[in-house]
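Here is a short briefing to read alongside your structure.

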Amino acid sequence: MTALTLENPVFVAYVIAAALLVLKVMAQGWMTVHRMMKVRAGWASPEDLQKGLLNTAPDPSQLDVNEYVDRSRRMHRNDLENIPAFWAAGLLFVAIGPSVWLAHVLMYGFVAARLAHFWAYTTKQSHEIRATFYTVGSLIVIYMACHVLWVAIT
């Protein structure tokens with residue numbers, strides 16, 4: 001059996017986790033857009049002040065940082081800083097043929113950690129709570145990368 005086939009349950013776990021995380025990244029971008037449109041503020045670029053169908057009353061204050069919008073933008077940036085490492089490490093992890101159980105724990109654990117991080121950030125939990133979920137996800141990716149290195153060099 002080749003590693004990158006839907007006949008491989010480890011690859012199936014990766015495909016499911018990776019697809020969920022693609023949706024998470026894309027949904028976060030749309031959440032930011034929704035928030036900008038809802039409050040008509042938090043625009044990111046000067047050209048956003050041009051009058052148009054979506055901004056009928058441009059105002060320079062729309063470029064000011066808006067915490068409601070910026071919180072979503074920070075969550076999106078955090079996703080973009082962390083999820084691509086999972087995509088890379090996860091695919092390499094599939095290639096070394098780990099046990100299905102371990103792959104499920106790590107891959108679905110990472111998805112759960114990112115969703116918990118989203119919850120903590122959205123509901124304005126303390127940094128310690130948010131950092132705990134970040135740490136879980138980060139350690140999972142680090143473990144997968146180290147496991148791949150170990151198998152590759154031994």
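Which side chain does arginine 71 meet in a salt bridge? The partner is glutamate 67, with N and O 3.3 Å apart. Do keep in mind that this is a predicted model.

**Salt bridges in helix H2**
- The structure holds six salt bridges.
- Arginine 71 and glutamate 67 both sit in helix H2, four residues apart, or about one turn of the helix.
- Arginine 71 counts as buried because its relative accessible area is 13%, under the 20% cut-off.
- Glutamate 67, at 39% relative accessibility, is partly exposed.
- Glutamate 67 also forms a salt bridge with arginine 74, where the closest N and O atoms are 2.8 Å apart.
- Arginine 74 in turn meets aspartate 70 in a salt bridge of 2.9 Å, N to O.
- Aspartate 70 and arginine 74 are four residues apart in helix H2, so about one helical turn separates them.
- Aspartate 70 is buried, with a relative accessible area of 18%.
- Through shared partners, salt bridges join Glu67, Asp70, Arg71, Arg73 and Arg74 into one network.

**The cavity**
- The count comes to one cavity of 30 Å³ or more, and the largest cavity has a volume of about 30 Å³.
- The lining of the largest cavity is made up of Lys24, Met75, Asn78, Asp79, Arg114, His117, Phe118 and Tyr121.
- Helix H2 (67–95) and helix H3 (100–122) are the elements that each give two or more residues to this lining.
- H3 provides the largest share, four residues.
- By type, the lining residues are three nonpolar, two polar and three charged.

Methods
Residues are numbered from 1 along each chain as its sequence is written. This is a predicted model: local features need pLDDT of at least 70, side-chain atom pairs count only at pLDDT 80 or more; totals for chains, interfaces and linings use all residues. Side-chain values use heavy atoms; hydrogens and water are left out. On a 1 Å grid over the protein atoms alone, a cavity is a set of points where a 1.4 Å probe fits but cannot get out, and a pocket is an open set with protein on both sides within 12 Å along at least five of seven lines; lining residues have an atom within 4 Å of a point. Grid points are joined across faces, edges and corners, and a volume is the space filled by probe spheres set on the points. Ala, Val, Leu, Ile, Met, Phe, Trp, Tyr, Cys and Pro count as nonpolar, Asp, Glu, Lys and Arg as charged, and the others, Gly among them, as polar. A salt bridge is a side-chain nitrogen of Lys or Arg within 4 Å of a carboxyl oxygen of Asp or Glu. Buried means under 20% relative accessible area, exposed over 50%, partly exposed in between (1.4 Å probe, protein chains only).
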